[in-house]
Amino acid sequence: MYSEDAKDIKQEESRPWGPDSPEAYWNETTRLRFVSIDPVASPKGPEYYRDVHQRIDNELAAMHMAMCYAKSRRNAIAPISRLPPEIMSRVFSFCVPDLHAYDTNLEWIKISHVCTRWRTVALNSTNIWSEVYLQWGEEWVGEMLARSKGTPVDIVGSHNAGLTRRKVGDIVKHLPHTRSIEIGNYWDRKTLGDVNAVHQLCLGLHAPAPILESISLTSHEVHMHHPYPLFNNSAPHLRAIYLYNFTGFPWTPCFATNLVQLDIVLNLKFTGDHDMPSPSIDEVLDVLRHSRALEYLVLVRCFGPIRGGRRPGHRIVDLPHLLLCTLGMTSLSDSLHIIKHISIPPSAELRIVLNIDPNIADETFGTVFSSLSERITNTEDMPFYEVIVRYSDDDEHYDEDLEFVISRSSDGLCDTQTRHGLFLSLCTGGTNEPHADLIKSAMRMLPNAMGALFHIGMSMDRDTFRPRTDGTFCVQDWLDAFGSKTDVHTVYTDRNDGTTFCVALGMFMDAEGDGVWRFTEEPDAPATRRYFLPKLSSLTLYEVHFMETVWFYGYELPLYVLFVMCMKARQRANSPLETLHLVSCRAPDADWGWLKALKGVVGSIELSKDGDLDPD
Amino acid sequence: MPTIVSVDDSTVPGEGSSRLLLLVSSDNKHIVVEEDIMSRSRFISKQVEGFEATSQRHAILLPFSSFVLNKVIEYCSHYRGYYLLEDDPDAAPPGRSPVREWDQEFLDVDRNMLLRIIKAAHYLEIKSLVGSCARAIADMIRGKTTEEMREILGVENDFTPEEEHSPSSKCTG
């Protein structure tokens with residue numbers, strides 16, 4: 001049983017507290033301990049004074065230690081010190097930045113500099129020393145690994161890791177209790193700097209890694225020429241392998257047993273590079289054959305040219321637990337060729353990613369798009385339901401590229417609803433999208449495919465509406481392509497894309513210079529122009545948060561805004577929205593009156609059970 | 001271990017679906033609370049299991065004040081019926097889960113109160129509350145200098161010169 005403050009301790013425990021005043025303490029206790037000297041009354045020789053001098057120095061040192069001890073005792077009764085070590089350890093764990101936030105600041109280390117107890121607790125909290133950034137100096141990398149005292153460690157080194165021989169030595173030394181290694185960050189797109197050190201590291205990692213669960217090796221400039229003897233073919237708990245432009249991995253089935261995720265990605269610029277030997281399809285298929293637990297498989301441009309039909313003598317690789325398979329070979333036929341060798345469960349999501357040469361003409365692009373569209377529409381048993389066509393002029397930054405997605409189903413978007421038909425998803429990079437012609441071209445190529453549409457990932461501001469003179473994409477282009485379609489009756493939008501329903505309902509967001517976002521009608525449009533889909537009968541909002549304030553991308557907005565938009569839509573179309581689906585929507589600060597008002601302007605409101613909106 | 005005193009059923013109704021518990025704080029305040037609310041506390045759950053084994057119901061004496069106890073009850077009431085991963089004894093040890101907005105407001109109290117709540121939560125074995133309090137304390141000291149940390153949490157530098165200049169404290173990133 002503990003009590004709540006120092007007063008309670010004093011009352012409950014019987015202790016000799018010593019004299020009540022400093023003067024009494026000095027006279028009764030401390031003063032008696034000091035060496036008594038009187039050089040005038042009894043002069044002595046030099047040896048005596050040297051001896052006394054030394055004794056006084058000792059007294060001073062002892063007093064300093066006494067001061068520290070007294071402070072320790074005072075610390076011991078401070079409220080924070082009465083927390084058990086395991087709680088203090090938990091507090092410290094929250095002071096350590098998350099490993100994957102790539103916050104390499106070491107300021108948090110000061111927790112071990114506060115007092116002796118904090119240092120003791122911190123040094124015994126092995127978990128707070130178990131996340132090691134290679135960006136740190138050599139001393140700290142070694143110190144952290146030592147302080148982890150054999151607990152599982154995660155090692156991360158992104159760009160500028162400064163991978164020196166000493167760091168490499170420390171990593172290799174602690175391999176037996178290393179849980180994960182991430183060398184190089186895919187999104188950094190930067191090299192680790194010291195090519196030889198990376199090479200040395202890979203050579204050094206030849207000992208068994210008994211608890212290693214994940215390894216991620218990324219190179220953006222460094223070519224890994226040879227398979228390295230990693231982990232002496234012994235990493236029995238390896239569950240995830242991520243290799244980005246790293247071709248030096250030894251493709252042996254011994255790593256496959258518990259594998260859950262396998263990513264092998266080669267950048268476009270390395271494709272066909274004969275100095276950078278890719279794994280053969282046979283090697284990878286052999287690994288996959290032993291990866292019965294695999295759930296995620298990503299193979300992008302990782303093989304050389306693939307020829308012919310099914311490889312002779314090869315049995316189909318069965319991956320019964322596969323959830324997602326992304327294939328991005330240099331041609332559609334290559335991707336389809338891989339599919340022939342893998343048995344993918346019907347429930348798995350299969351994505352085919354195609355990179356289109358940036359210099360191709362619109363006609364070529366349109367041909368590809370049209371061809372895909374036709375195949376998906378006409379082939380019921382098409383083995384995939386989503387095709388991503390990535391128009392890339394810079395493979396290093398493909399996340400900023402224009403991306404088209406064609407899918408047969410929007411299951412992935414709204415789990416609670418299954419829709420069929422062909423959907424087009426446009427993900428654009430914002431108002432300065434330089435691919436307006438391509439977008440328009442793609443739209444023309446899908447004249448009859450627009451049973452529904454969703455996800456126009458476009459930031460919306462006043463400028464977005466104005467026609468462009470520089471060929472960039474604007475809302476008017478979108479309207480030209482979609483707004484005039486009379487058969488668009490359903491719009492989906494997810495939390496990252498509130499703008500879609502803004503357009504659908506004829507409203508947009510604008511900041512009037514004061515930084516506050518408002519929903520308004522288009523200010524400069526002639527009265528005859530309508531940003532509205534005349535046959536829109538169903539609107540689905542997915543994961544929108546109804547808040548008091550408006551957030552730029554629209555996934556946080558007040559309910560009254562939705563009400564106003566729906567009401568205006570009704571006035572314009574002279575018919576209400578038949579159904580408003582609110583899927584996984586939440587309203588922590590909502591004014592419920594507006595939800596009731598919404599019921600008056602739409603036919604019905606359907607709520608998914610996983611949101612927190614009250615159906616009543 | 002808390003002191004346990006016997007109570008009769010007229011003091012603590014124990015029948016029906018909403019059984020009640022009698023909690024007694026260190027300042028001798030008697031607080032009746034639904035058992036269901038306090039089920040988040042592993043300590044209370046174990047006590048209740050003990051009651052069921054002996055077919056006797058008791059008041060549970062707790063070593064913290066009614067003020068602190070009421071705060072804990074407020075927390076448990078708020079999350080009544082909620083599944084919180086941290087409180088699942090079968091779940092993996094809690095990591096650094098995202099902060100819950102309500103918890104932030106709930107723990108917007110002075111330092112001493114926060115420390116009392118975390119001790120009470122630890123005693124009652126409410127891991128989610130311990131985690132939230134620990135995060136709140138960490139927030140108080142994050143980004144602060146060593147001296148500021150000492151000042152905020154009322155501790156002094158008690159290192160000897162040798163300890164202060166030990167090799168491990170000289171390491172710099």
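1. A salt bridge here is a side-chain nitrogen of Lys or Arg within 4 Å of a carboxyl oxygen of Asp or Glu. In this predicted model, the count between chain A and chain B is one salt bridge. The pair is Arg74(A) and Glu156(B), whose side chains meet at 2.4 Å, N to O.

2. Between chain A and chain B, the rule finds 10 residue pairs in polar contact, with both residues at pLDDT 80 or more.

3. On the side of chain A that touches chain B, the elements giving two or more residues are helices H3 (46–76), H4 (85–95), H5 (116–124) and H6 (138–147) of chain A. H4(A) gives the most, with seven residues. By class, this side of chain A has 22 nonpolar, 14 charged and 10 polar residues.

4. As for extent, 46 residues of chain A are in contact with 44 residues of chain B. The two chains bury about 4200 Å² between them, and 60% of that lies on carbon and sulfur atoms.

5. The scores for the model are ipTM 0.86 and pTM 0.66.

6. Chain B has an average pLDDT of 81, and 79% of its residues score at least 70. Within chain B, confidence is highest in helix H4 (residues 111–124), at a mean of 95, and lowest in strand E1 (residues 4–6), at 42. Residues 1–16 of chain B have pLDDT below 50, and this stretch has 30 contacts in the model beyond near neighbours in sequence. Where pLDDT is low, the predicted coordinates should not be read in detail.

Conventions. Residues are numbered from 1 along each chain as its sequence is written. Chains are lettered from A and ligands numbered from 1 in the order in which they are written. Side-chain values use heavy atoms; hydrogens and water are left out. pLDDT is the predictor's confidence in each residue, from 0 to 100. Helices (H or I, at least four residues) and strands (E, at least two) are DSSP runs, numbered from the N terminus. Contact means heavy atoms within 4.5 Å. Buried area is the accessible area (1.4 Å probe) that two parts lose on being put together, summed over both. A polar contact is a pair of N or O atoms within 3.5 Å; within protein, one must be able to donate a hydrogen and the other to accept it, and residues adjacent in sequence count only if both atoms are side-chain atoms. Ala, Val, Leu, Ile, Met, Phe, Trp, Tyr, Cys and Pro count as nonpolar, Asp, Glu, Lys and Arg as charged, and the others, Gly among them, as polar.
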